[in-house]
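Thank you all for coming; please have the sequence and the model open while I talk. I will keep to what can be read from the coordinates and from the confidence scores.

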Amino acid sequence: MLDFLQAVSDGVLFGTTYALIGIGFTLVFGVMHKLNLAYAATSIGGAYAGLLIFQVWAGAPAWAVFFCAFLGGGVLGWVVYVTCFHFIPLSNPLAPLMATVGMLLLIDEVIVHATAGMPQNYPAMFDDVMLRAGEFTLRGDLLLVGGVSVLCMIVLLALLYRTRLGLATRAVSQQPVAAQLCGIRVGQVNAMTFVITGLLGGIAGALIGASVGALSPLLTAPLTVKGLIVTVIGGLGSIPGAILAGLLVGGFENLFQLYRGVTERDLYVMLLLFAFLVFRPGGLLGPKGGHD
Amino acid sequence: MDFYYGLAQTVGVHTLLGLSAYIVLLTGQVTLAQAGFFAIGAYTAGMLTVLAGWHLVPAIGAGALTGAATACAVGFPALRVKGLMLVVATLAFGEGVRLFFFNFDYQVAKGEIKVGPVGGEGFRQIRFFQENGWTTGEVMLFIWAFVILVMAALWWFDRSRYGAVLRAVGEDEVAAQSVGVNLTAVKVSAMTVGGAVAGIGGALYAHYTTHIEHANFNVLLATFAIAYPIVGGLSNVFGTLAAVIFVQAFLIEGLRDLGDWRNLLFGALIVLAMNLRPQGLFGGRRA
């Protein structure tokens, strides 16, 4: 019972990072009805960019690294928008998808080149703090990860529902032509969406690096797959859905690892996705029949 | 000369992989599962020639059949999801197949040694070509015989009513339904044919590389599978062939001289290709 609770709590706290990645995918899909397969790479790339601060400030504290990752992610998000979505006409749905795959490969390779393929240590905050209740422990750094993720989600939801930019974004996602007729510049809104998701992604990457302890370009592929699974389980286009699904996938993943070991864990996560696709294709909080 | 035969073998097998994705893409379904069917064909054919002592040609047939059967089974639930959710579902399926083979152990003792797939280590000693004295050139011709057969079959499909129905479903499902096209039959049949072609490709792949493991059939291979028809254009099968030659021969081998920069240029060139010619090399209206 204790193992079960421990696994679930660790998993749910780590799952908040999956939720952030899922939010990034789902936001781009909701606004542009396209998938940005380079998103996890943007996230990890932003995290690496955070490490660049050590070049200018040798003893930088962890929060400075996180902030630098935040900014790096935003820049990378904008770059992905310009190279993959800005110039390709909307009538070709497959071309941007392929272009994002190209960017995924490019970002991965730039990281490998810059770091000579060696995993880089990532600073963590509160990693020596352990809250205990008998035999049950809550890692302090995971609590921070959870806390920062929740904060980011609140800020994002406030941005979307309480600001003019958020209003414009929602307008473009619902009716792009009508939004243009109202004077909203669709290109700018799309670019801002990518920048915002990039900022989120940078934080997510930094948090993942902090909780794992090291960053490696090999993280990109599994993170892309898990992020997409979270997005679909939550319902494409639904941010609260992505949040819930992230926590769900994080918790279940740790449970599967506890009961069946690490080699079979991902297989069961896939089966979880298929169960959702068969019984509830719209995801947790999407429309019942599913999106197009 | 052996190097060029080897390159031609790779181009041939990747063309089969690309063609398997091509036929499904014609119906408008973006599928990242082709690497999974490729893996199933590879392991099935490998196990039949190594563990059961079959000749290669029936083993390839069995690989195609298992690929087709799995694709048919995947095709039905795939109908419940559309568009980009299908991308994720097929990606998850492909990863699921890879993870299945990661955990799959089936060894049989032959003489003193044990042969067969061993989970993470993979499946070694698929030595049908070596044991029967085939030269590299003969293997290349054998592979290309299958490629030409499949290309001819798909070219013929394209020219027939079936091809027109596939493209109609790809362009506009509602319009196709309104003229009486059975969407389920068309989409599932396209998936099945794609699975069969991928199975053939996988069977050939297993035999010319002699050692397969789960990591060969990862997400990257699945994205290569759809990259070939997208970069080549969906107007005809030669587009896929041109894209395979472009990627394998030009980008991967030709840029080898650039050493480390090769991998950087690969991603960058794909992004550039999609921006400059989004409809693909051979894309656009058919003549």
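I will begin with confidence, then take the contact between the chains, and then go through some of the packing inside each chain.

Please keep in mind throughout that this is a predicted model. As a whole the model scores ipTM 0.80 and pTM 0.85. For chain A the mean pLDDT is 84, with 96% of the residues reaching 70 or more, while for chain B the mean is 86, and 93% of the residues reach 70 or more. Within chain A, the element with the lowest mean pLDDT is β2(A), at 73, and the one with the highest is helix α2, residues 39-51, at 90. Within chain B, the lowest mean, 73, belongs to strand β2, residues 113-115, and the highest, 93, to helix α9, residues 183-209.

Let me turn to the place where the two chains meet. The contact draws 39 residues from chain A and 36 residues from chain B. On the chain B side, α4 (83-102), α10 (219-232) and α12 (261-276) each contribute at least two residues, and the largest share, 13 residues, is supplied by α4(B).

Now to the packing within chain B, where I have picked one pair of helices. Helix α1, residues 2-26, and helix α6, residues 136-159, of chain B pack at an angle of about 25°, and their axes are 9 Å apart. An angle under 35 degrees counts as roughly parallel, and α1(B) is therefore roughly parallel to α6(B). The crossing of these two helices is left-handed. On the α1(B) side the residues that meet α6(B) include Gly6(B), Gln9(B), Val13(B), Leu16(B) and Ile23(B), and on the α6(B) side they include Met140(B), Ile143(B), Trp144(B), Val147(B) and Leu154(B). Taken together, the residues of this contact comprise 14 nonpolar, six polar and one charged.

In chain A there are two helix pairs that I would like to set side by side. In one of them, the axes of α2(A) and of helix α5, residues 94-115, come within 9 Å and cross at roughly 25°, which makes α2(A) roughly parallel to α5(A). That crossing is left-handed. Here Ala41(A), Thr42(A), Gly45(A) and Tyr48(A) of α2(A) meet Leu104(A), Ile107(A), Asp108(A) and Ile111(A) of α5(A), a set that divides into five nonpolar residues, two polar and one charged.

How are α11(A) and α12(A) oriented to each other? Helix α11, residues 239-260, and helix α12, residues 262-279, of chain A pack at an angle of about 135°, with their axes 8 Å apart, and they are therefore oblique to each other. The crossing of α11(A) and α12(A) is right-handed. Among the residues that make this contact are Val249(A), Phe252(A), Phe256(A) and Arg260(A) from α11(A), together with Val262(A), Arg265(A), Tyr268(A) and Leu272(A) from α12(A). The residues of the contact divide into seven nonpolar, one polar and four charged.

Strand β2, residues 130-133, and strand β3, residues 136-139, of chain A pair in the antiparallel sense over four bridges. Leu131(A) stands opposite Leu138(A) of β3(A), and the bridge partner of Arg132(A) in β3(A) is Thr137(A). The two strands form a hairpin with two residues between them, and in the turn Gly134(A) has a positive phi of about 75°.

Definitions and conventions: Residues are numbered from 1 along each chain as its sequence is written. Chains are lettered from A and ligands numbered from 1 in the order in which they are written. This is a predicted model: local features need pLDDT of at least 70, side-chain atom pairs count only at pLDDT 80 or more; totals for chains, interfaces and linings use all residues. Two residues are in contact if their C-beta atoms, placed from the backbone, lie within 7 Å. pLDDT is the predictor's confidence in each residue, from 0 to 100. Axes are lines fitted to C-alpha atoms, for helices over the stretch in contact, and angles run from 0 to 180 degrees between N-to-C directions. Angles under 35 degrees count as roughly parallel, over 145 as roughly antiparallel, 65 to 115 as roughly perpendicular and the rest as oblique. A crossing is left-handed if the near helix is turned anticlockwise from the far one by less than a right angle, and right-handed if clockwise. Ala, Val, Leu, Ile, Met, Phe, Trp, Tyr, Cys and Pro count as nonpolar, Asp, Glu, Lys and Arg as charged, and the others, Gly among them, as polar. Two strands pair if DSSP finds at least two bridges between them.
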